[in-house]
Amino acid sequence: MMAELIAYFSRSGQNYVNGTIKPLKIGNTEVVAKMIQRRTGAELFKLIPQVSYSDDYNECIEQAKDDQKRGARPELASYPDCFAQYDTIYLGYPNYWGTMPMCVFTFLEHFDFSGKTIRPFCTHEGSGLGNSIRDIKNTCPGAKVEAGLAIFGAKADRAETEVARWLR
């Protein structure tokens with residue numbers, strides 16, 4: 001029997017929300033990932049870089065921009081066991097500089113996604129999915145990449161209807 005996985009990167013701490021910086025106990029992408037998990041029963045796996053981004057928002061965005069400029073592939077603390085069992089992967093991330101955080105690229109490049117379905121979802125504060133769908137397709141050429149879901153981060157905790165509609 002094939003299974004579903006929700007692999008996501010999410011950051012708590014200071015986040016940009018509706019034009020101001022606010023502390024979040026749980027990152028917006030994790031909030032959405034858990035909504036998907038409740039509706040699908042898919043296994044949750046949080047992508048955790050070995051070296052965390054700063055909790056300070058401004059430092060974090062500078063680190064993320066530097067990672068992107070360098071084409072960095074920050075190592076993850078761990079990876080899912082038995083990845084071959086998953087046929088559908090819900091891939092979640094915040095939009096960092098027009099695409100996914102570089103640690104999400106690390107995850108995508110670690111496995112062979114040939115024959116798997118990727119259902120991307122992101123949280124953002126106005127930039128939507130950016131170039132992330134194109135980047136996923138380029139990174140995982142053997143995968144079927146479905147239409148993505150972009151959730152405005154400030155509304156992540158009220159996104160149940162959007163998530164349900166996207167999952168149908």
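Predicted model: local features only at pLDDT ≥ 70, side-chain atom pairs only at ≥ 80, totals over all residues.
**View 1. Trp97, another residue with positive phi.** Although Trp97 is not a glycine, its phi is positive, at about 55 degrees. Trp97 belongs to the loop between E5 and H3, and with a relative accessible area of 42% this residue is partly exposed.

**View 2. Helix H3 and its buried residues.** Seven of the nine residues of H3 are buried, so the helix is largely enclosed by the rest of the structure. These buried residues are Met102, Cys103, Val104, Phe105, Thr106, Phe107 and Leu108. The elements against which they pack are strand E1 (3-8), H2, E5 and helix H4 (132-139).

**View 3. The salt bridge between Glu109 and Arg73.** Glu109 and Arg73 form a salt bridge in which the closest N and O atoms are 2.9 Å apart.

**View 4. The salt bridge between Arg70 and Asp66 within helix H2.** The closest N and O atoms of Arg70 and Asp66 are 2.9 Å apart in this salt bridge. Both residues lie in helix H2 (residues 57-70), where they are four residues apart, about one turn of the helix. An α-helix has 3.6 residues a turn, so residues three or four places apart point the same way. Arg70 is exposed, with a relative accessible area of 54%, while Asp66 is partly exposed, at 38%.

View 5. The side chains of Asp135 and Arg134 meet in a salt bridge, with an N to O distance of 3.1 Å. The two partners fall in separate accessibility classes: Asp135 counts as buried at 12% relative accessibility, whereas Arg134 counts as partly exposed at 47%. Elsewhere, salt bridges that share partners join Glu30, Lys34 and Lys46 into one network. The count of salt bridges for the model comes to twelve.

**View 6. Asn28, a buried residue of helix H1.** Asn28 is placed in helix H1 (residues 28-40). At 13% relative accessibility, this residue counts as buried, because the class takes in values under 20%. When residues up to four places away in sequence are not counted, Asn28 touches Ser10, Thr123, Gly153 and Ala156.

Definitions and conventions: Residues numbered from 1 in each chain as written. Heavy atoms only, no water. Helix = DSSP H or I, 4+ residues; strand = E, 2+ residues; numbered from the N terminus. Buried < 20%, exposed > 50% of the residue type's maximum accessible area, 1.4 Å probe, protein only. Contact = heavy atoms within 4.5 Å. Salt bridge = Lys/Arg side-chain N within 4 Å of Asp/Glu carboxyl O.
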